[in-house]
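Good morning, everyone, and thank you for making time for this. I would like to walk you slowly through one structure, so please keep the picture in view while I talk.

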Amino acid sequence: MLSLDQALEQAQVDPQLVSVVDSITITCKNIAERLRGGALSGLYGSAEQENIQGEVQKNLDVISNDLLKQVLLANRSVAGIASEEEEDVIAGNEEGQYLVTFDPLDGSSNIDVNVTVGTIFSILALPKDCTEVTADTFLQAGNKQIAAGYVLYGPSVILAITTGKGVAMYNLGADGVFYQTQDQVQVPTTTAEFAINISNQRFWQAPMQAYVNDLLLGEEGPLGKRFNMRWIASMVAEVHRILTRGGIFMYPYDSRDPSKAGKLRLMYEGNPMSFLIEQAGGAASNTLQPIMDVEPHHIHQRVPVILGSKEEVERINRYHKA
Ligand code: AHG
Ligand code: MN
Ligand code: MN
């Protein structure tokens with residue numbers, strides 16, 4: 001079976017980039033081991049401090065962030081990092097050519113209940129003319145990403161990755177090596193499965209309300225078919241399900257905090273997941289434009305996220321144009 005390193009070598013991926021991916025996957029194996037220990041690892045519970053997003057951090061948010069930070073900054077190919085859990089970006093090594101943004105642990109509310117969580121990453125190139133790595137250096141649209149992926153900590157540990165030539169999936173073997181299980185993953189174009197936190201319905205804008213109402217009408221409604229619903233509350237697990245069997249995932253704008261464009265973050269969640277979904281033939285939109293076309297203005301910027309099976313994402317876009 002093809003290992004991750006063999007596959008990247010066969011695809012003639014830049015060795016510097018391979019080393020960045022290795023740093024991430026080595027750290028994720030470490031995180032996976034801690035998660036497997038559960039309460040025995042002493043990692044459950046709250047860290048009793050807030051991150052820059054105004055969210056109370058879990059112990060494992062802090063530990064995963066520290067581990068990734070430490071390993072990536074020790075890698076000579078890394079020019080800088082930005083994390084959902086860090087207020088400021090951190091410059092890396094002078095000879096580094098790559099910038100890494102990451103959500104060290106996605107789905108934090110699921111840690112203590114032993115439900116699937118994951119690590120999401122995005123890799124950008126250091127601009128040629130860059131003399132000093134600052135937050136502005138990272139403000140590149142998603143369509144500039146060189147690579148992106150996630151490691152899912154579920155019943156098995158799975159890596160999904162793209163370097164812009166389709167999406168491949170790997171399973172972590174008992175020997176600690178990621179082996180390829182799928183190449184050129186494809187998201188089915190149509191679907192009858194959706195994921196949205198419906199408890200926020202009253203805060204959505206009118207087009208989103210109209211779409212979900214029509215969808216819930218099933219065979220009798222304008223969409224003409226019954227939809228099934230899933231909500232795991234870990235975007236990483238929802239995206240994995242969609243890459244596996246199709247579907248749509250929505251975290252739209254809502255008016256709970258009008259100053260925020262959505263709940264999810266463009267640089268750590270929206271862009272990497274959109275890159276994977278588009279590379280697998282799906283679509284990702286903020287309801288007005290493809291997420292990867294959004295020009296970032298702030299490293300911690302939020303974005304409405306609609307992604308998954310192409311036909312359904314396009315339908316939601318039409319509801320917003322009407
Ligand atoms: P994070 O744990 O990195 O803060 O992200 C959680 C996100 C995402 O994974 C998930 O889809 C969503 O928040 C869950 O939101 P609800 O609390 O509305 O279920
Ligand atoms: Mn997240
Ligand atoms: Mn997180």
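Predicted model: local features only at pLDDT ≥ 70, side-chain atom pairs only at ≥ 80, totals over all residues.

As background, side chains of opposite charge can pair when their charged atoms come close. In this structure, a search of the whole model finds 12 salt bridges, and I have picked a few of them.

Let us take Arg76 and Glu95, which form a salt bridge with their closest N and O atoms 4.0 Å apart. Arg76 sits in the loop between H3 and E3, while Glu95 sits in the loop between strand E4 (90-91) and strand E5 (98-106), so this pair ties together parts that are 19 residues apart in sequence. Arg76 is exposed because its relative accessible area is 59%, whereas Glu95, at 42%, counts as partly exposed.

Now compare that with Arg265, whose side chain meets that of Glu84 in a salt bridge of 3.4 Å, N to O. Because Arg265 lies in the loop between E13 and helix H7 (266-279) and Glu84 in the loop between E3 and E4, the pair ties together parts that are 181 residues apart in sequence. Are these two residues buried or exposed? Both Arg265 and Glu84 are buried. Arg265 also meets Glu269 in a salt bridge, at 3.0 Å from N to O, and Glu269, with 1% relative accessibility, counts as buried as well. Together with Glu55, the residues Glu84, Arg265 and Glu269 are linked in a network of salt bridges.

Next come the strands. Five of them form an open sheet with mixed pairing, in the order E12-E11-E13-E15-E14, and its edge strands, E12 (228-229) and E14 (283-285), each pair on one side only. Within the sheet, E13 and E15 run antiparallel and are joined by four bridges, with Ile248 standing opposite Gly308 in E15. Helix H6, residues 235-245, lies across E11, E13 and E15 and runs at about 30° to E15.

Elsewhere, E9 and E10 form a hairpin with five residues between them, and Gly176 in the turn has a positive phi of about 80°.

Finally, which residues form a nonpolar patch on the surface? They are Ile198, Leu216 and Met229, with about 240 Å² of accessible area together. Ile198 belongs to the loop between strand E11 (193-195) and helix H5 (206-216), and with 31% relative accessibility this residue counts as partly exposed.

Terms used: Residues numbered from 1 in each chain as written. Chains lettered and ligands numbered in written order. Heavy atoms only, no water. Patch = residues over 30% accessible without salt bridge, like charges linked within 9 Å, V, L, I, M, F, W, Y side chains within 5 Å. Areas by Shrake-Rupley, 256 points an atom, 1.4 Å probe, with all protein chains shown as cover. Helix = DSSP H or I, 4+ residues; strand = E, 2+ residues; numbered from the N terminus. Buried < 20%, exposed > 50% of the residue type's maximum accessible area, 1.4 Å probe, protein only. Pairing = 2+ DSSP bridges. Contact = heavy atoms within 4.5 Å. Axes fitted to C-alpha atoms, helices over the stretch in contact; angles between N-to-C directions.
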